[in-house]
Amino acid sequence: MRDYHRPMRPEADRPSIPWWEALLLGMRVFGAMCGVIVLLAGVFMAQKVFSGVYTALSGPEQLDVIFARWSAAVGGNLLDITIQGQAYPVARLLAVLILSLGAVFLGHLALKVILTGTEVIRIMSADLAAFKKSEPAQPADPPADDPVEYTLQETPRKALT
């Protein structure tokens, strides 16, 4: 029968890890914490982008000044197209396009920062020895005694009359 109330082993008998393994473990923890920081920075960036898009969609009149500045920066009235006496402001369209593509780019950048943070966390928390020892998976061969036979059969066709 086991003795569950035995005293603990003295310090000299306890197994210990080498100092370099403790250092590597500390570096992996530090790397995972950096991954968490990058992940949170990406979430903050995404929140800012979506907040700006929400502001633009909920109150477009707030962006009139911004669109006027961007249309003036793009070319202003010089880019207006006149068809049958009607002027169409192309600079305003280009300003909307530039701001929209900028929002898409910033949203994509925020997503990539989030994915980078999660990848750093995944790598730092994984067992690296398992990566080195694993072999690539081989595709499975189909069973030799497959009861279903796949043959191409011609179906008779009726003549069009």
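Student: Which residues of helix 1 are buried?
Tutor: The buried residues of helix 1 are Gly-31, Ala-32, Gly-35, Gly-42, Ala-46 and Val-49. Buried means under 20% relative accessible area, exposed means over 50%, and partly exposed lies in between, with a 1.4 Å probe and protein chains only. Helices (H or I, at least four residues) and strands (E, at least two) are DSSP runs, numbered from the N terminus. This is a predicted model, in which local features need pLDDT of at least 70 and side-chain atom pairs count only at pLDDT 80 or more, while totals for chains, interfaces and linings use all residues. Residues are numbered from 1 along each chain as its sequence is written, and side-chain values use heavy atoms, with hydrogens and water left out.

Student: What do those buried residues pack against?
Tutor: The buried residues of helix 1 pack against helix 3. Contact here means heavy atoms within 4.5 Å.

Student: Which residues does Ala-110 touch?
Tutor: Leaving aside residues up to four places away in sequence, Ala-110 touches Gly-42, Met-45 and Ala-46. Ala-110 is in helix 3 and counts as buried, at 0% relative accessibility. The C-alpha atoms of Ala-110 and Gly-42 are separated by 5.0 Å, although the two residues are 68 apart along the chain.

Student: And Leu-111, buried or partly exposed?
Tutor: Leu-111 counts as partly exposed, at 45% relative accessibility. Leu-111 also belongs to helix 3.

Student: What span does helix 1 have, end to end?
Tutor: Helix 1 covers residues 19-58, which is 40 residues, and reaches 58 Å from its first C-alpha to its last. That is close to the 58 Å expected at 1.5 Å a residue, where the expected span is 1.5 Å times one less than the number of residues.

Student: Changing topic: at what angle do helix 2 and helix 3 pack?
Tutor: Helix 2 (residues 64-74) and helix 3 (residues 90-125) pack at an angle of about 110°, and their axes are 8 Å apart. The axes are lines fitted to C-alpha atoms, for helices over the stretch in contact, and angles run from 0 to 180 degrees between N-to-C directions. Helix 2 and helix 3 are therefore roughly perpendicular to each other; that class takes 65 to 115 degrees, with under 35 roughly parallel, over 145 roughly antiparallel and the rest oblique.

Student: Which residue classes make up that contact?
Tutor: The contact of helix 2 with helix 3 has eleven nonpolar, one polar and two charged residues. Ala, Val, Leu, Ile, Met, Phe, Trp, Tyr, Cys and Pro count as nonpolar, Asp, Glu, Lys and Arg as charged, and the others, Gly among them, as polar.

Student: What does Ser-71 touch?
Tutor: Ser-71, in helix 2, touches Gly-76, Ala-91, Arg-92 and Ala-95, not counting residues up to four places away in sequence. Ser-71 is buried, at 12% relative accessibility.

Student: Where is Gln-84 found?
Tutor: Gln-84 is in the loop between strand 1 (81-83) and strand 2 (86-88). Its phi is near 50°, a positive value in a residue other than glycine. Most residues other than glycine have a negative phi. Gln-84 is exposed, with a relative accessible area of 82%.
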